[in-house]
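Please open the model in your viewer and keep the selection panel at hand.

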Amino acid sequence: MTSGAVTAEDRQKALPRLLGAPIFWLAVFLLLVLCGLALPLRLPLGPNYWDTDVYLDAIHRIRLGQVPSNDFFAPVGPLGYYLAAGLAALFPQAQPMLLVNWALLPVALPVLAALVVDVQRRSRNQALALVLPFLLFALLPINLHSLYPAPGFDGFGHYNRHIALLLYLLVATLLFVGNRRLLTGLVAVLMLTLFLVKITGAVAGALLVGYALIAGRLRLREALLAAAAVLVALGLLDLATGVVRAYLHDILILISLNTGTLLPRFLTVASVKFNVVGPCLALICALFVAAWRDGTRPSLAGACAVVTSPLGWFIAVFAALAFFETQNTGSLEFIGLWPVLLLVLVQWRARQGDALRPIVLLLALAVTLPSVVIVVERAARALLGAPSYVELALPDLGPLGRVSLKPEYLERGTDMLEHYAAHQQTYRDLTLRGVLPTSILFSEIDYQATWLMEIQQAVAAIRAWEASNSRRLQGIFTLDFVDPVNHLLGRTAPRHVPIGNDPTRTNPGVTPEALEALRATDAILAPKCPPTPARVAIATHFAAALEGRKLVALAPCWDMYLKP
């Protein structure tokens, strides 16, 4: 009887123990990711979906043997593209938004697992509190600032979300990992990854590592070992591929193309994310009041006490993340504060009877709650609305075309495609004025549907033209922000031209090598539905490559400049 009673009691406790195990949630998350990649899912179309195609272009170029920064100008580092290419090789039918959103998981999940194993030796609750937020924010392609009110998944900001998650892991590592060797190793891995994904993420990471050194969480010897490991890895990578030098060269070009002062950008971040920034500033004030009340004064000893306290860490992490967000459009803004908030909660949970305790706990909740509400609400709206959505008829677009949207958006997108083709002069007049048909055109879901149908028209028209002219176009270049035709048709993309061609941010001068590659390209496509200032600027930028070509009216929305 006693044995049976114990067994029943153990069974009752098994489920809570399982749900309280961080590794269990990691395993569930990994299973969801693998299923999401393996299944031919169709996702609700969201704003700026064409940004996702920048990764598909890079994946195709990598398969052709091209190296980021060496063979094509890239807006960010090479690692994200290579990891996405690896996942695409394993899961060729994955929906692109999921594929790109999860591209950094082969690095991030092992780091998170190592962190969890170390932390749970001291506190399983703390390990769980570090794991669950990361998994929540990493699960779906959702940004914490929406560019369009209708539900859908975000097709932009992928590499910014990657950096936000990596900075979360870096802060958690610096604050909670106890094993010194593991701490050094994880810092090295995360800093190397940050550098190879996006340089501004590495700068923010360096600020955090520097603060950890000042605060005594990282010893000088450990910091030097981590830095040496990063430099050795980069040196070996550069010797093997030359990609690091080329990447640094691209960074210098990007800096020259993106000039401006930081203050307006900080004000923009404060405005856009005031739902987090406001509570952060209030929490900093409350913690300052508590520190003053507890005897901290303006002195060397007082400064040292603040630097090593949760207050000092909160200010440092907040400042580093704010700097990173000045360089972004679309991210998981300020989630790197969560590990510091865990420190605050641990400290103030024990301060029973303190008059400031409910205020600090309430403000900590106010910092975290907006991000949780936004990601859950946006995910729920997209997923609950999806069953009533309709799919686009895009037979030639493969996984890129596996999206759905509201019937009224599909109807409008279809009508606008025909309207743009029939009223070219109207939109050319707008381009002369430097304005778009609507101020948020690229964020509008119906326009993203129009763009997909425009691409479908191009692919079908090229196949029809090739069949009627008994000529195969070996290489194609598109005078637009993205260039999906090569990877959709399996053709050779020209070298030395940008991916993600933004005339205001990522469009360096045409080099002799780029011009030579473009002149050797069989066809250059000009999209027309609609003409926009960006499309006109790109065509003007590459005008020399169009000289001597035959102009072919390929389709209602496309002109083709054909190599003789």
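**The largest cavity**

In this predicted model, begin by selecting α6 (105–120), α7 (124–139) and α8 (158–176), each of which supplies at least two residues of the lining of the largest cavity. The largest share of that lining, 3 residues, comes from α8. Next, show the side chains of N101, W102, L104, L105, A108, F134, A138, H162, L165 and L166, which line the largest cavity; by class they comprise 8 nonpolar, 2 polar and no charged residues.

**Aromatic pairs**

Turn now to the aromatic rings, which form 15 pairs in the structure. Select F137 and W338, whose ring centres are 5.4 Å apart and whose planes stand at 90°, so the pair is edge-to-face. Because F137 belongs to helix α7 and W338 to helix α17 (residues 338–349), this pair ties together parts that are 201 residues apart in sequence. F137 counts as buried at 1% relative accessibility, and W338 counts as buried at 15%.

Move on to F318 and F334, where the centres lie 5.5 Å apart and the planes are at 20°, so the pair is stacked. F318 is in helix α16 (residues 310–325) and F334 in the loop between α16 and α17, so parts 16 residues apart in sequence are tied together; both F318 and F334 are buried.

**Last stops**

Select W50, F442, Y447, W451 and F481 together to see a cluster linked by ring pairs. Finally, centre the view on W348, where the charged end of R351 sits over the ring, 4.1 Å from its centre.

Conventions
Residues numbered from 1 in each chain as written. Predicted model: local features only at pLDDT ≥ 70, side-chain atom pairs only at ≥ 80, totals over all residues. Heavy atoms only, no water. 1 Å grid on protein atoms, 1.4 Å probe; cavity = no way out; pocket = protein on both sides within 12 Å on 5 of 7 lines; lining within 4 Å. Helix = DSSP H or I, 4+ residues; strand = E, 2+ residues; numbered from the N terminus. Nonpolar A, V, L, I, M, F, W, Y, C, P; charged D, E, K, R; others polar. Phe/Tyr/Trp six-rings, centres within 6.5 Å; stacked < 30°, edge-to-face > 60°. Buried < 20%, exposed > 50% of the residue type's maximum accessible area, 1.4 Å probe, protein only. Lys NZ or Arg CZ within 6 Å of the ring centre and 35° of its normal.
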